[in-house]
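I opened my notebook and settled in with this one. Here is what I looked up, entry by entry.

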Amino acid sequence: AQALTQLTVTYTIVPPPTDVPACTRWASNNGSGNGLTFDTPYTIGAFLAAHSQSPGAVLCLKDGMYTGGNNLVRTATSFAGTSSNPIWIRALNEGKVVLDGQDSIRPADLQGSWGVLSGVDIKRGDNANLKFRGSNWLARKIVSYNGGTGNTHLIAGQGTNNTAEDIAVFGTAEKVSAFG
């Protein structure tokens, strides 16, 4: 008879990445405050108007469905973080923030440079749900699905040195993604 050998299995729990910075401002889909605290959120548009040239600023989006131009991530060409201090726009709770273009507007239009968009779901954009038009952007942990009426792309890119990381795309559109 053969002797039984005991098998030892070791599990290592890997902590979540620590590269996600703490919130410096907050927004909600019905924000009307000054954005300085979780309880006084403002809109994404108010953040972009005040901080589009504030390297290191971190906007955290509270859970909810974001619709309308002032509640979508539509940065201007003057948007400017830096390589060591990008400007972050991120979901406070990944997957619980939805940017909805309602078939009439692009929910995420990333112009300017050195920004990070993280942890949001994007749907029903006009022409594209997410479009890179700037440089040195990082879009991470994004779900882009169900393009709007006439939507040609779920994700599209025209800028330079942009990165799409840990992205899921599915649903209706002429093309899932196109870069060029």
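**Entry 1: the core**

How many residues does the largest nonpolar core have, and which of them have the most contacts inside it? I noted first that I am working with a predicted model. I then found 28 residues in that core. Ile44, Leu61, Leu99, Leu117, Val120 and Leu130 have the most contacts inside it.

At least two residues each come from the helix α1 (44-51) and from the strands β2 (58-61), β5 (87-91), β6 (97-100), β7 (108-110), β10 (128-132) and β11 (138-145).

Which residues of α1 are buried? I wrote down Ile44, Gly45, Phe47, Leu48 and His51. Looking down the axis of α1, I see these buried residues within an arc of 160°, so they line one face of the helix. A reminder to myself: an α-helix has 3.6 residues a turn, so residues three or four places apart point the same way.

I then checked what that buried set packs against. The partners are β1 (25-27), β2, β3 (64-67), β4, β5 and β6.

**Entry 2: the five-stranded sheet**

In what order do the strands of the open sheet run? I traced β4-β7-β10-β12-β14, five strands with parallel pairing. At the edges I found β4 (73-74) and β14 (175-179). Each has a single partner strand, so one side of each has no neighbour in the sheet.

I followed β10 to its partners. With β12 (residues 153-157), β10 pairs in the parallel sense over four bridges, and Ala128 has His153 in β12 as its bridge partner. With β7, β10 also pairs in the parallel sense, here over three bridges. There, Leu110 has Phe132 in β10 as its bridge partner.

Is β10 enclosed or open to the outside? Five of its five residues are buried, so β10 is largely enclosed by the rest of the structure.

**Entry 3: Phe132**

Which residues is Phe132 in contact with, leaving aside its neighbours within four places in sequence? I listed Leu110, Trp137, Ala139, Ile155, Ala156, Gly157, Gln158, Gly159, Asn162, Thr163, Ala164 and Phe179.

I also compared Phe132 with Gly112. They are 20 residues apart in sequence, and their C-alpha atoms are 9.4 Å apart in space.

**Entry 4: salt bridges**

How many salt bridges does a search of the whole structure find? I got five.

One of them joins Glu94 and Lys141, with the closest N and O atoms 3.5 Å apart. Glu94 is in the loop between β5 and β6, and Lys141 is in β11, so this pair ties together parts 47 residues apart in sequence. I see Glu94 as partly exposed at 47% relative accessible area, and Lys141 as partly exposed at 27%.

Another joins Asp100 and Arg124, with the closest N and O atoms 3.0 Å apart. Asp100 is in β6 and Arg124 in the loop between β9 (121-123) and β10, so here the tied parts are 24 residues apart in sequence. Asp100 is buried, at 5% relative accessibility, whereas Arg124 is partly exposed at 29%.

A further salt bridge brings together the side chains of Glu165 and Arg140, at 3.6 Å from N to O. Glu165 belongs to β13 (residues 163-170) and Arg140 to β11, so the pair links parts 25 residues apart in sequence. Glu165 is partly exposed at 38% relative accessibility, whereas Arg140 is buried at 4%.

Conventions:
Residues are numbered from 1 along each chain as its sequence is written. This is a predicted model: local features need pLDDT of at least 70, side-chain atom pairs count only at pLDDT 80 or more; totals for chains, interfaces and linings use all residues. Side-chain values use heavy atoms; hydrogens and water are left out. A nonpolar core is a set of buried Ala, Val, Leu, Ile, Met, Phe, Trp, Tyr and Cys residues joined through side-chain atoms within 4.5 Å. Buried means under 20% relative accessible area, exposed over 50%, partly exposed in between (1.4 Å probe, protein chains only). Two strands pair if DSSP finds at least two bridges between them. A salt bridge is a side-chain nitrogen of Lys or Arg within 4 Å of a carboxyl oxygen of Asp or Glu. Contact means heavy atoms within 4.5 Å. The arc is that of the directions from the helix axis to the C-beta atoms.
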